[in-house]
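This report walks through a single protein model for a reader meeting it for the first time. Please look at the sequence and the structure below before reading on.

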Amino acid sequence: MSYHPSIALIGECMIELRETHRGGLTRSYGGDVLNTSIYLSRLMGEDAKVRFTTLLGEDPFSAEMAVAWEREGIDCDTVGRVTERNVGLYFIRTDKTGERSFHYWRGQSAAREIMDSDWTSLRAQAMGSDWIYLSGITLAILDDTGRKRLLSELAIARECGAHIAFDGNFRSALWTNPLAATTWHEQTWNLCSLALTGVEDEAAVFGDTTPEASLDRLRDHGIAEIVIKRGQQSILMHADDKNQSIKVMPVGNVVDTTAAGDAFNAGYLAARLKDHSSADSARIGAALAAEVIQHTGAVIPNVHMPTLF
Ligand code: ADP
């Protein structure tokens with residue numbers, strides 16, 4: 001893989017409000033693709049150009065986010081600003097049993113307009129990257145016209161040599177029609193060279209009854225490298241023309257599994273970009289995820305980042 005690669009990660013960042021034990025609130029920000037961007041940027045440092053591709057508003061929260069991303073070393077040359085929109089918001093409630101539930105206000109979010117014609121040149125910049133990364137949530141926040149345009153731009157990028165990585169993250173609440181999710185995910189898989197996906201998401205979108213069925217189905221799309229995450233269970237992979245199973249080391253003190261999969265993806269991709277084998281890359285992704293789940297929140301403080309390379 002290229003020596004100093006550029007990676008564009010297309011997604012949405014939202015304000016996060018989290019209820020504390022005493023009924024107060026803490027505020028941060030997050031989003032699945034952003035989480036992966038932050039971890040990838042930390043792991044690659046100067047060795048890669050990590051772009052987060054999105055739209056923000058002109059509000060103070062949007063301004064804060066962009067500053068924070070730059071502080072993380074993320075390249076913001078594909079971040080646009082929409083005057084009449086702002087950023088989405090989600091609220092994490094924790095009930096008496098400790099069970100978390102997520103509640104969203106994202107209808108007015110600027111990121112939903114990313115495929116509009118106003119942003120053609122911003123997207124061209126992103127699509128010119130060596131790698132393009134997106135998730136099922138990236139697809140879910142767009143309308144059908146936007147999804148169609150995204151897929152045709154990805155197809156062109158692929159023809160020009162870009163590698164496309166997709167995590168089939170599925171949030172049913174974002175899809176008015178579950179069949180639409182199946183169709184759009186299917187079309188996206190057709191363009192991918194790397195699948196970094198979760199076993200439950202694949203089952204929810206495609207009705208697969210076993211992880212092996214998901215692996216076979218993804219192979220039918222001609223995807224050369226497939227990684228299926230299964231929580232604490234071993235990772236199922238197909239790479240270098242063979243199926244592999246990679247053991248996940250048990251974690252004694254699981255605090256919060258938010259963003260485990262996002263962190264895994266960053267670790268895996270960073271390791272592949274640094275020329276590690278696919279099996280070692282899965283172990284590296286799992287090592288980062290293992291650390292992340294021992295802390296509260298999606299993005300752990302930089303001081304807790306494990307030494308992976
Ligand atoms: P996703 O959020 O994409 O569904 P998973 O929940 O499968 O992702 O978790 C991603 C990775 O995080 C797993 O492959 C594993 O490496 C690690 N992980 C998640 N949960 C645990 C756990 N309980 N113990 C150890 N590792 C875990």
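Phenylalanine 264 and tyrosine 268 both sit in helix H9 (residues 260-273), four residues apart, or about one turn of the helix; helices here are DSSP runs of H or I with at least four residues, strands are runs of E with at least two, and both are numbered from the N terminus. The model is a predicted one, in which local features need pLDDT of at least 70 and side-chain atom pairs count only at pLDDT 80 or more, while totals for chains, interfaces and linings use all residues. Residues are numbered from 1 along each chain as its sequence is written, and side-chain values use heavy atoms, with hydrogens and water left out.

Buried is used for residues with under 20% relative accessible area, exposed for those over 50%, and partly exposed for those in between, with a 1.4 Å probe and protein chains only. At a relative accessibility of 4%, phenylalanine 264 counts as buried, and tyrosine 268, at 0%, counts as buried too.

## Aromatic pairs across the structure

How many aromatic pairs does a search of the whole structure find? The search finds five, where rings of Phe, Tyr and Trp (its six-membered ring) pair if their centres lie within 6.5 Å, and where planes under 30 degrees apart count as stacked, over 60 as edge-to-face and the rest as tilted. One of them joins phenylalanine 166 and tryptophan 189, whose ring centres are 4.7 Å apart and whose planes stand at 70°, so the pair is edge-to-face. This pair links distant parts of the chain, since phenylalanine 166 belongs to strand E9 (residues 163-167) and tryptophan 189 to helix H6 (residues 178-189), 23 residues apart. Phenylalanine 166 is buried, with a relative accessible area of 0%, and tryptophan 189 is likewise buried at 0%.

The rings of phenylalanine 264 and tyrosine 268, by comparison, have centres 6.2 Å apart and planes at 20°, so that pair is stacked. Elsewhere, ring pairs link Tyr90, Phe102 and Tyr104 into a cluster.

## Salt bridges

Side chains of opposite charge can pair when their charged atoms come close. A salt bridge is taken here as a side-chain nitrogen of Lys or Arg within 4 Å of a carboxyl oxygen of Asp or Glu, and by this rule the count comes to 18. In one of these, the side chains of glutamate 12 and arginine 106 meet at 2.6 Å, N to O. Glutamate 12 lies in the loop between strand E1 (6-10) and strand E2 (14-19), and arginine 106 in the loop between E7 and H3, so the pair ties together parts that are 94 residues apart in sequence. Both glutamate 12 and arginine 106 are buried.

Another salt bridge joins arginine 272 and glutamate 225 (2.8 Å, N to O). It links distant parts of the chain, with arginine 272 in helix H9 and glutamate 225 in strand E11 (residues 225-230), 47 residues apart, and both of these residues are buried. Salt bridges that share partners also join Lys49, Arg51, Asp75 and Asp77 into one network. Within that group, aspartate 75 bridges to lysine 49, with the closest N and O atoms 2.7 Å apart. Aspartate 75 is partly exposed at 22% relative accessibility, and lysine 49 is partly exposed as well, at 26%.

## Positive phi angles in two loops

Most residues other than glycine have a negative phi. Aspartate 241, although not a glycine, has a positive phi of about 65°; its place is in the loop between strand E12 (233-239) and strand E13 (242-246), and it is exposed, with a relative accessible area of 74%.

Aspartate 275 also has a positive phi, near 70°, and lies in the loop between H9 and helix H10 (278-292). At 57% relative accessibility, aspartate 275 counts as exposed.

Where does aspartate 116 lie? Aspartate 116 is found in the loop between strand E7 (100-105) and helix H3 (120-127), and is partly exposed, with a relative accessible area of 34%.

Histidine 163 is in strand E9 and counts as partly exposed at 33% relative accessibility. The C-alpha atoms of histidine 163 and threonine 258, which are 95 residues apart along the chain, are separated by 27 Å.
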